[in-house]
Amino acid sequence: MSYICPLCSNLLQLEGRTWRCENNHCFDKAKEGYVNLLPVQKKSSKDPGDNKLMMQARREFLEAGHYQHLSDRVNELLIQYLKSKSSTLLDLGCGEGYYTGRLSQACPDMRINGLDISKTAIRLASKRNKSMEFCVASAFDLPFASSNFDAVLRIYAPSAPEELSRVVNENGLLLTVSPGPRHHWFLKTLIYQSPEEHDESDSIIKGFERIHTERLETTMSLSGSRDIENFLNMTPYAWKLTKTQKNKLSDSGLECELDFKIQIFKKI
Ligand SMILES: C[S@@+](CC[C@H](N)C(=O)[O-])C[C@H]1O[C@@H](n2cnc3c(N)ncnc32)[C@H](O)[C@@H]1O
Ligand SMILES: [Zn+2]
C-alpha cells in the first residue's frame, strides 16, 4: 500500500512514526496508529464527517449485532469475488470500523486500509483494529497511489467515481451498500407526509460495469430504549423526529424495515 502526500502527491515513506515525502512534508502517526492526511487547508469544516455522538451510537448499535447479517453477506461476497486471499482492499468511509474489523477476522490475510473524513471515527476504528492501516482523508481526494487496491468497499459513504476508478487496479472491484427502496420505511412514514422510496440512481458508476446486485430485506425489532436511542442517533432521523415521537418509540418498541442494496462493480 502506498500513501501519497496530500500536498504534493509524491509517495510517502514511513520513517519511524512519520510519513514523509521527498519535499519533506511530514505526517506523524497518532498514538492509536492512524495518520491524519487531511491538511487544514483542505478541511471543509473544523470537524468534518460524522460527529462523536453519531459515532458512539453507531458503535454501540453495530456491536449489539443488529446489522451483522449485512456484514456477513458482504464478507461472503468479497471472498467469492476476490481471487486471492491476500487481496488489498480499501474500506472507504469506514466509520468506527465495525465492517472492517469483521472482514479482517473473516479474511486474516487480506490487507485492509480504512479511510474516513471523521477523526473521531478513525480514532475508534484504529483503537479496535491495531493490525490495520487507517487514515483521516477525504473520499474526494484519496491519498493513495493509482492502481493501489484490488477492491474498494463503500458502505453508506460518499465517493467520486474518478477517484474510485483511479485507486483500483485493472479489473478491480467495487462493492457498495446503499439503501434499498424500503429501507427504514416505518420511520419515514413518521417523519414525512408522503415518504418516497430511495431511488436507483446509484446503479451506474462511471468507469465501472455492474456485475452483481441483490437486496437484503429483513425486519428489525428493537425493544430496549438504549438500542432505539442509538438507532435514531446514528441516522439523520434523530433531528427529524419530535421529542414526543422519540419517547413514544422508546416506550412502545420499534419494528422497522431494513433493505440493503448490495452491488458489485468491476472496473472497465
Ligand atoms: C453513514 S456513515 C457509514 C460508516 C460505515 N461505513 C458504516 O456503515 O458503519 C458515513 C461515513 O462517511 C464518512 N464521510 C462523510 N463524508 C466523507 C468524505 N468526504 N470522505 C470520507 N468519508 C466521509 C462519515 O464520517 C461517516 O463515517
Ligand atoms: Zn509532499
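Strand β2 (residues 18-20) runs antiparallel to β3 and is joined to it by 3 bridges; Trp19 has Phe27 in β3 as its bridge partner. Two strands count as paired if DSSP finds at least two bridges between them. Helices (H or I, at least four residues) and strands (E, at least two) are DSSP runs, numbered from the N terminus.

This is a predicted model, in which local features need pLDDT of at least 70 and side-chain atom pairs count only at pLDDT 80 or more, while totals for chains, interfaces and linings use all residues. Residues are numbered from 1 along each chain as its sequence is written, chains are lettered from A and ligands numbered from 1 in the order in which they are written, and side-chain values use heavy atoms, with hydrogens and water left out.

### Two helices

The table sets out the spans of two helices; the expected span is 1.5 Å times one less than the number of residues.

| Helix | Number of residues | Expected span | Distance between end C-alpha atoms |
|---|---|---|---|
| α2 (residues 68-81) | 14 residues | 20 Å | 20 Å |

At the start of α1, a side-chain oxygen of Asn51 comes to within 3.2 Å of the backbone nitrogen of Leu53. The buried residues of α1 are Met54, Met55, Ala57, Phe61 and Leu62. Seen down the axis of α1, these buried residues fall within an arc of 165°, so they line one face of the helix. The arc is that of the directions from the helix axis to the C-beta atoms. Buried means under 20% relative accessible area, exposed over 50%, and partly exposed in between (1.4 Å probe, protein chains only). Among the elements that cover the buried residues of α1 are α3 (98-106), α4 (119-128), β10 (208-222) and α7 (225-233). After α1 comes Gly65, with a positive phi near 90°.

In α2, the buried residues are Leu70, Ser71, Val74, Asn75, Leu77 and Leu78. They cover an arc of only 165° around the axis, which puts them on the same side of α2. Their cover includes β5 (88-92), α3, β8, β9 (168-179), β10 and β11 (254-267).

### Residues outside the helices and strands

Most residues other than glycine have a negative phi. Ser9, although not a glycine, has a positive phi of about 70°. Ser9 lies in the segment before β1 (13-15) and is exposed, with a relative accessible area of 51%. Tyr156, also not a glycine, has a positive phi of about 50°. Tyr156 is found in the loop between β8 (149-155) and α5 (161-167) and is partly exposed, at a relative accessible area of 38%.

The loop between β8 and α5 also holds Ser159, which counts as buried at 17% relative accessibility. The side chains of Ser159 and Arg154 are joined by a polar contact of 2.8 Å. A polar contact is a pair of N or O atoms within 3.5 Å; within protein, one must be able to donate a hydrogen and the other to accept it, and residues adjacent in sequence count only if both atoms are side-chain atoms. Leaving aside neighbours within four places in sequence, Ser159 is in contact (heavy atoms within 4.5 Å) with Leu92, Ala139, Phe140, Arg154 and Leu164.
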